[in-house]
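Please look over the sequence and the structure below, and then follow the explanation from one part to the next.

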Amino acid sequence: MAQSLSVRHLVGIKDLTESDINLILETAGQFKEVINRPIKKVPSLRDVTIANVFFENSTRTRLSFELAEKRLSADVVNFSASGSSVKKGETLLDTVNNILAMKVDMVVMRHSSPGAPHYLTKHIKANVVNAGDGTHEHPTQALLDSFSIREKLGDVAGKRIAIIGDITHSRVALSNIFCLQKQGADVMVCGPKTLIPKYIESLGVRVGHDVRAALAWCDVANVLRIQLERQQIKYFPSLREYSLYYGISRQMLDELDRPIVLMHPGPINRGVELTSDAADSPHSIILDQVENGVAVRMAVLYLLAQL
Ligand code: CP
């Protein structure tokens, strides 16, 4: 296994090698042990300053990065576009350069525009970590999803993973497809035709439209939220109808011939893509995903800081 990453920035899973992914997930395993000790902190990133720059809302990713940074003893500053000078017309690059002028070493950024973190890497010296760019990629989510699958099933290679829901508007879907395929998984996307991009088959995934068939096929169902905030037109008649055809209940999971693992990146629209009794059932590893996110982000930040 490689001892260092092949990239200076984590913009997308597309840029990572299988060896990079293995290194991040192995390192995350070590950090998971650390954060379960009574003293959860290590001095690995002492004297490193990290700015979390969020131009879009977040609960999990933002808190998880901040905790990961603090567990590594980094100095942390947080920036939200709301309440900042972005509202006065300041550009992305001016905003980030002003933050960097205060001697920041790494920038973790969420932005609604696909490609925004990639743009930053061309203009600044600090390491850039993509915390979600529009409908493009969410690399640390895919890494924590793979970590959670490995933890639950031992390996990702050879596993059948169904990604179910709004694929078109999801950055989690694309990052997961790249991450899972690089590790040798068999990936299906499932949802209404209007929520699956036409190009998706060219990525080598199976495409399905029957959620019961997808559940019967897979070892893991990673269920995605309907991203109403990104939908400018109606892609299906109503949430009630979506739930009727694509919603997953505990009963559907209990009736399968063999147990499967249920995942969701959050936030969940309870009663739409998942009923509460499914989300909170023993099939679900949704809160394990959240727990693992801290260890995975510690690994990413630690490894990038070595370059
Ligand atoms: N999974 C995820 O990205 O959640 P947040 O939008 O709350 O960060």
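**A sheet and the helices on it**

In this predicted model, helix α5 (residues 139-153) lies across β5 (160-164), β8 and β9, and its direction makes an angle of about 160 degrees with that of β9. Helix α6 (residues 171-182) also packs on the sheet, where it touches β5, β6 (186-190) and β8, running at about 175 degrees to β5.

The sheet on which these helices rest can now be followed strand by strand. It is an open sheet of 5 strands, paired in parallel and arranged in the order β7-β6-β5-β8-β9. Because β7 (206-208) and β9 (261-263) each have a single partner strand, they stand at the edges, and one side of each is left without a neighbour in the sheet. From one strand to the next, the twist averages 20 degrees.

Strands of a sheet pair through backbone hydrogen bonds, in either a parallel or an antiparallel sense. Here, strand β8 (residues 220-223) is joined to β9 by 3 bridges in the parallel sense, and asparagine 222 has methionine 263, in β9, as its bridge partner.

When its neighbours within four places in sequence are left aside, glutamine 141 is in contact with Val172, Pro265, Gln289 and Arg297.

Key. Residues are numbered from 1 along each chain as its sequence is written. This is a predicted model: local features need pLDDT of at least 70, side-chain atom pairs count only at pLDDT 80 or more; totals for chains, interfaces and linings use all residues. Side-chain values use heavy atoms; hydrogens and water are left out. Two strands pair if DSSP finds at least two bridges between them. Helices (H or I, at least four residues) and strands (E, at least two) are DSSP runs, numbered from the N terminus. Axes are lines fitted to C-alpha atoms, for helices over the stretch in contact, and angles run from 0 to 180 degrees between N-to-C directions. Contact means heavy atoms within 4.5 Å.
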